[in-house]
Amino acid sequence: MIPLLSLIVFTPWIGAALLALWRGASPGAIRGLGLLFSLSTLGLGLIALSRFDPAITVPQFGETHDWISMLNVHYRLGLDGLSLVLVLLTGIITPVALIASWREHRDARLFTALFLLLQGAALGVFLALDFFHWFVFWELSLVPAFFLIKLWGGPSATRAAYQFVIYTIGGSAFMLLAFAALYAATGTLDFLQLGQYGADGTLNVRLGAIGGWWPRAVFLGALLGLAVKVPLWPFHTWLPPAYAEAPTGASMFLTAVMSKMGVYGFLRILWPIFPTQLHQAAPCLLWLALGGVVFGAFAAMRQTDLKRMVAYSSLNHLNYCLLALFALSAATGQPGTTSAAAAAALSGTILQMFNHGLSAAALFYCVGVLEARSGGRRGLNDFGGVRTAAPIFAGLCGVALFSSLGLPGLNGFVGEFLIFRGVFGLAPWAAAVACLGLLATALFLLTFWQRVFHGPTGKVAANFPDLSLSEILPLLPLIGLMFILGVWPQFLAKLINPLVSLWAGQLPLP
Amino acid sequence: MSLPVQLLWLIPALPLLAAGIGSLTPRSGRGLASGAAIVAMAISFLLSCGALATALAQPAAHLVHNFAWFDLGGSAVRLGWLLDPLTAFMCVMVTFVGTLIFIFSTGYLHEDANFTRFFCFLSLFAAAMLGLLVANSLLLLFICWELVGLASYLLIGFWFHKPSAAAAAKKAFITTRIGDLGLLLGMLWLYDSTGSLLFYDGGQGVLEATALGGLVAQTTIGGLAVSTAIGLLIFCGAIGKSGQFPLHVWLPDAMEGPTPVSALIHAATMVAAGVFLVARVYPLMSADQGLAHVPVHALTVVAAIGAITALLGALIAVAQSDIKRVLAFSTVSQLGYMMLALGVGSWVAAIFHLLTHAFFKALLFLGSGSVIHAAHHEQDIRRLGGLRGPMRATFATFAIGMMALAGVPFLFSGFWSKEAILHAAHNWDVSHLPLYAGLAAVVLTAFYMTRLVAETFFGSPRSEEASHAHENSAVMTVPLILLAVCAVLLGFLGTPAYPWLQARLEGHTEVHGHPIFEGAGLLMLSIVLVAVGIGSGWALYGRRPRANANALDPIEGRLPGLFAVLRARFGFDELYAATVGRLNTAMAALSDGLDRYVWDAAVRFLAALGEFGGVVNREADEDVLNGGFDATNDRLRGTARSYSAAQTGGAHGYLRTVAVGFVLLVLIVMLGGGV
Amino acid sequence: MILTPLHLCLLLSSALFCIGLIGALSRSSSILVLLGVELMLNAANLNFIAFWRYGPNPAAGTGVLFVLFSIAVAAAEAAVGLALVIAIYRHQRSIRLQDARRLKG
């Protein structure tokens, strides 16, 4: 049998290795090869999609091999609806981000190889079912990201790259310690096994045997690693500079895929393994997620750098996901909690992950176009009247903006509606407060649109050529999916719904 | 010909298709874009007539077709189409007015570079509006509701190179979105409490007895029934969309858009969506009427907001001098009337007024568009004047619209629908304040419309543009004439003697009429009030026309303080800028400041702490550890140096040492007695 | 004290050793010093033979073997020594030991 999942993870790395070995290739050949290998994920992902049975809720296409038998470490890959959605997202975003960087002239070989490396690492995170290599992939993703930001980034990229990597590693160090403790207590690093221990309380008993505060300390360690990655407010200060300084393609990948690694970790690790601790901490975490939703949106309003503005909108959108999850965890066991609300919150979270990937990537691409056209400017007030000069660009960027602000009919709405539906059922006041975030999001995105595209044609916009066909190409799949998912969300919903129903049904609801 | 409910989706789908065609048509494809839009709209009109036939065949039934949108947990999120007389009448009105306005637009905008885009947006608007009307799910209604808002945003900002238009578009979107958040919360609450958002679903829908009974039985904060709270939240959406106090500020600014847009969206259809929404969820809004011990009924709030808006809009309209702004505030005021009617319990009167208002207000706006187009985009009534002569068709139709709006008795549709509302207000047993507000608004409406007509069409031209004005082409006047005919005739659908429309809307197949003069006192009073309004308007503006553009307004001369307040629209914009705007800026500054000075500072502090640790570490390494090693090394080296001094290099010295050593060895052996 | 043949042998070898030692210490020519050293070595070899011949087990050939090895090593050593002397000569045109002091510590 073909190890499909291993192929998905390692094909980009094979591409990276080939590129590294192939000295003296022409830039065109390098980019072509890179694109081909990055497309492999989409191709293999579609094969997986065609053979995927949504009704089976345990991970499918499983691969298990002994690896380090001394430590009871296994090489374990598996794919369920959640992973599949994220694999498809990675498969769509990476080629698009590579095409967006088509004009990156400096050392295309290294750039492309690093990108493929990053892609493989992200896929590994989405498919690994054993903490050992999951963590390897998790940390390995930082290395190419660091170099992509530092070497191809803006003027203060070095500082941003260091901050990003050190902050994230700082978080994951705690997570590593937490899992070391888990391993010491249980003797396994298998997520499914640990999830079972978490569900039946074995974990608390075993960790509690070490010392009374151990279960909480271990939970906090794991939480910290994931919270920095997402990022949960207020662990987000690395995000605006990193997203703003990274080259366009890297910004797209960082926001669309890498931020999902954190949310994925919350769903795959924290929530199943530490249900009781999360339940205890959730009322407090709920405030933080609300802070991210509200303050993220309002802080975006204050930014004059468009990339920073989009970065803050990402903070806002990702904190919706966490808001739903924390509301769910906080309300578990409370009277009045229904499995319908729980299912809505979980579905909304997963859909929002996918949708945010599409819209944020498209927005970063559009800001990148503005930057390239104006010689590196991306200030809110540097433009004006671009719509007169470039109507097609304005139209496509407008679709991305409205998708991001959650306009019904486009993809963003479905996820946000379900999240609000879930959160309202679980913690009504939180949903009401989060509405402020919706309003502020609309306000700053429309300000973006108005200042850049509307008004009299400014100096910069006067000789602003419209998008060429090759520039439209990367936007088309994103925009197309925004419409398709906005009108026909069943496409994704049917993949995740059995899983979500199972999760929602397993909660100890009253 | 009748249209089954399963095919109801065709009505919004056709304009949507036209919008798709319009969006892909290059700028040169004017004929294709406008042709597709008009044809799609016309076919939708025919289909709507078919739907009306279906609905009238069984007016009491709510014909539905529901389907699953996507799976969610154990069930699915479901949407559906709904066909009842309310939907059908609204669809016919929207498609008919829409078709006429589309045709008018081909003339009005024929010089615009973005002609194809305009028809794309118009079609998108029509599709969304029709989708809103046929929705059998609050969720689908909300989706279309937001899309309508988007289309409105795009069309208000159609001349986006004008900063004022771009700002007005944003203001409209954000202001309505504030209301929409209320609607969203109401919808979430409803979904959470009943588990469904379908209006009618064979007994399981939210507007059916089972669900309503459950909602009324529960109470929430402040002793309100849950149905009241949900109803008020949904009403927030209507407040935003229909320009009701206190969210009315966006509607006058929306006049920055092209005039056909103002006619279609901001007068006839979209702004009426709020009224439609309340009428659609009327069973929910009125569910709490049976409860005695609640602080407030949802409909009481609706009536209060409607009465305030009706009076406020009419007052402000008196002092405006932009032809479109007068009409905009008149729209605000008329929408207030409709809300008032909803609030006092007569939703059929509200819908009747909605339908008649759609025709005569569209007529008035298109008439003003005709004037503006002829006068080279001069829309200040102080600089117009004397257009009665050169623009006969426009004047005649505009005058009909004005009389319909003012409520000139018997012949004009506005009279009958307004009468129905005043009657309903009179019969309301909670309070008569809405009735008094409505009656005051009647005088004011007649007054400011007379002022508008007198200033625009009488006297002599007061500017270069006005003096060159001439009548527009048939493509613009024919829609005016058709609308004028409707503005007259439509009233007879719902006269008290034969209230056919009301009966059908309420689901009756027989019509029970009353003698027209049953409530004669009120009828006479309102006729007198209309006469007072028109008479005083004519006395002030018609008898002595304004001499030049800079002359003082007669009211301004007599009551300068009041006039200034009215002209400044009671300062709502300034008030909001000073409160909400400031709050918003402060919140943004706070968020940014938190990031910059608290969280980032905390991270920096941690980093500095790390760096400090590094410094300590280095010092310790250099001075303590390395110093110790260095000292040991130095001592070793000194010792070695002293030993190496023995290595003289002279072989004789070594040999001598060997010899001495040997001798010593021998001596030791011998003396030790070893041998 | 009776002089056994062993004693005679040991006296001879002692004398030989002393002659070698005095020669090595008193001469300044490297070659002569080398000769002295050889004499001392041979005195030792003589001791080996004498102790074997008059020792408890003269039947075994251990002493002869030892001395044969020693002579072979001495020969090699002499060759190395002479080579060193030649090298020194090449460097400083003299074979006086007093002049060869470069290797001091």
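Here is a chat about the chains, their contacts and a few residues.

Q: Before we start, what kind of model is this, and how are things numbered?
A: This is a predicted model: local features need pLDDT of at least 70, side-chain atom pairs count only at pLDDT 80 or more, and totals for chains, interfaces and linings use all residues. Residues are numbered from 1 along each chain as its sequence is written, while chains are lettered from A and ligands numbered from 1 in the order in which they are written.

Q: Thanks! Which pair of chains shares the most contacts?
A: Chains A and B do, out of the two pairs of chains in contact. Two residues are in contact here if their C-beta atoms, placed from the backbone, lie within 7 Å.

Q: And how far apart are chain A and chain C?
A: Chain A and chain C do not touch, and their nearest C-alpha atoms are 54 Å apart.

Q: OK, back to A and B. How many residues are in contact there?
A: On chain B there are 39 residues in contact with 45 residues of chain A. Four elements of chain B each supply at least two residues to that side: β1 (63–72), α5 (138–156), α6 (163–194) and α25 (572–644). The largest share, 14 residues, comes from α6(B). Helices (H or I, at least four residues) and strands (E, at least two) are DSSP runs, numbered from the N terminus.

Q: What classes of residue are on that side of chain B?
A: The side of chain B that touches chain A has 25 nonpolar, six polar and eight charged residues. Ala, Val, Leu, Ile, Met, Phe, Trp, Tyr, Cys and Pro count as nonpolar, Asp, Glu, Lys and Arg as charged, and the others, Gly among them, as polar.

Q: At what angle do α13 of chain A and α25(B) pack?
A: Helix α13 (residues 275–302) of chain A packs against α25(B) at an angle of about 100°, and their axes are 7 Å apart. That makes the two helices, α13(A) and α25(B), roughly perpendicular, a label used for angles of 65 to 115 degrees (under 35 is roughly parallel, over 145 roughly antiparallel, and the rest oblique). The axes are lines fitted to C-alpha atoms, for helices over the stretch in contact, and angles run from 0 to 180 degrees between N-to-C directions.

Q: Which residues make that contact?
A: From α13(A), they include Phe295(A), Phe298(A) and Met301(A). From α25(B), Met587(B), Ala588(B) and Leu594(B) are among them. By class, the contact of α13(A) with α25(B) has eight nonpolar, one polar and three charged residues.

Q: Now for B and C. How many residues does each give?
A: Chain B gives twelve residues and chain C gives eleven. On the chain B side, helix α26 (residues 651–671) gives the most, with five residues. That side of chain B has five nonpolar, six polar and one charged residues.

Q: What is chain C built from?
A: Chain C has three helices and zero strands. Its radius of gyration is 17 Å, well over the 13 Å that the globule rule gives for 105 residues, so chain C is more spread out than a compact globule. The radius is taken over C-alpha atoms, and the rule is 2.2 Å times the number of residues to the power 0.38. Along the principal axes, the C-alpha atoms of chain C fill a box of roughly 50 × 30 × 25 Å.

Q: How much of chain C is buried?
A: Buried residues make up 12% of its 105 residues. Buried means 20 or more other C-beta atoms within 10 Å of the residue's own, exposed means 12 or fewer, and partly exposed is in between, with C-beta atoms placed from the backbone.

Q: Where is His236(A), and is it buried or exposed?
A: His236(A) is in the loop between α10 (214–229) and α11 (239–245) of chain A. It counts as buried because it has 28 C-beta neighbours inside 10 Å. Leaving aside neighbours within four places in sequence, His236(A) is in contact with Pro231(A) and Leu315(A).

Q: What about phi of Phe61(A) and Arg93(C)?
A: Phi of Phe61(A) is near 55°, a positive value in a residue other than glycine, and phi of Arg93(C) is near 55° as well. Most residues other than glycine have a negative phi. Phe61(A) lies in strand β1 (residues 60–68) of chain A and is buried, with 22 other C-beta atoms within 10 Å. Arg93(C) is in the segment after α3 (62–92) of chain C and counts as exposed, with 8 C-beta neighbours inside 10 Å.
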